[in-house]
Amino acid sequence: MGKIKDEIWEALFPSNIYCIVCGSLIDRSRPYSMCDECIEKIHWISDVRTCSRCGKGLPDTFQGDVCYNCMTVDHSFSKGFSCMTYGLYERDIMMDIKYNGKGYMAVKMGEVLADKFMSAIVPEGIRPQLAVPVPVSRERLKERGYNQAELMAKNMVRILRKNNIDISLKSSLLERRKNTYMLRSMNPAERRLAMERAFAVPECMEKTLKGKDVLLIDDIFTTGATADACSRALIEAGAGNVYFISLASGGNVKAQ
């Protein structure tokens with residue numbers, strides 16, 4: 001049955017025809033359905049030191065193991081992980097996924113998250129039982145047609161379960177109660193105020209959540225306002241530890 005599902009998945013999202021970023025011809029051996037040139041352009045966090053709290057990449061010259069943001073913010077999640085640093089090239093990928101209707105790219109990025117999970121989260125002995133994508137508002141879901149975090153999470157969980165990692169996707173565990181547009185135009189304090197009580201766990205899901213460790217999934221991590229708001233809602237509803245993984249994260253920039 002698993003093989004049949006994989007064949008159906010491959011038929012829907014073929015990985016051996018074109019690079020999902022630039023469109024160049026590729027073959028089945030290319031990871032993440034990307035050509036070698038595009039893979040080399042990405043600022044992979046696996047190649048650098050990371051913040052011990054949120055998982056952002058740190059430059060070799062940076063003193064200490066906690067980024068500027070985590071020096072001033074007490075995050076609600078236990079630990080964060082990220083796959084790449086958000087730069088111009090990564091921005092283009094995100095823009096295609098979120099605003100150009102290329103949801104299939106988000107599905108493929110789930111493979112990136114799965115690899116990060118197995119290479120960084122598993123070695124630390126972290127074993128979240130539930131995977132929860134950060135929800136989008138109804139308006140954005142209707143406009144976009146999908147939640148990119150959920151698409152990534154579904155494929156990530158599918159791959160992890162194939163590798164005998166017992167984790168379940170629970171998209172309905174968290175819901176967005178407040179719309180929060182244009183966060184990128186706000187400073188960190190304004191973002192946190194805007195995200196206050198933006199998420200909640202439906203009462204009918206509290207029994208499912210009770211005592212479970214959760215992995216929160218999102219596409220981009222910047223100040224952590226969204227991750228913290230989601231984590232607080234999950235913890236208040238009875239979650240154990242909440243961990244966080246993002247496809248990309250902002251650089252280690254000191255707040256102005």
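Analyst: Happy to. Rings of Phe, Tyr and Trp (its six-membered ring) pair if their centres lie within 6.5 Å; planes under 30 degrees apart count as stacked, over 60 as edge-to-face and the rest as tilted. A search of the whole structure on that basis gives 5 aromatic pairs. Some ground rules: this is a predicted model, where local features need pLDDT of at least 70, side-chain atom pairs count only at pLDDT 80 or more, and totals for chains, interfaces and linings use all residues. Residues are numbered from 1 along each chain as its sequence is written, and side-chain values use heavy atoms, with hydrogens and water left out.

User: What is the geometry of the F77 and F221 pair?

Analyst: A pair of aromatic rings is described by the distance of the centres and the angle of the planes. Here the ring centres of F77 and F221 are 6.0 Å apart and the planes stand at 80°, so the pair is edge-to-face. It links distant parts of the chain, 144 residues apart: F77 is in the loop between α3 (68-72) and β3 (79-85), and F221 is in strand β8 (residues 214-221). Helices (H or I, at least four residues) and strands (E, at least two) are DSSP runs, numbered from the N terminus. F77, F221 and F244 form one aromatic cluster.

User: Are F77 and F221 buried or exposed?

Analyst: Buried means under 20% relative accessible area, exposed over 50%, partly exposed in between (1.4 Å probe, protein chains only). Both F77 and F221 are buried. Y104, in helix α5 (residues 103-121), is partly exposed, with a relative accessible area of 37%.

User: How do I check a helix such as α4?

Analyst: The expected span is 1.5 Å times one less than the number of residues. For the 12 residues of α4 (residues 88-99) that gives 16 Å, and the end C-alpha atoms are 16 Å apart, which agrees. Buried residues in α4 include Y89, I93 and I97. After α4 comes G101, with a positive phi near 70°.

User: Which charge lies over the face of Y99?

Analyst: The test asks for NZ of Lys or CZ of Arg within 6 Å of the ring centre and within 35 degrees of the ring normal. R144 lies over the face of Y99, at 5.6 Å from the ring centre.
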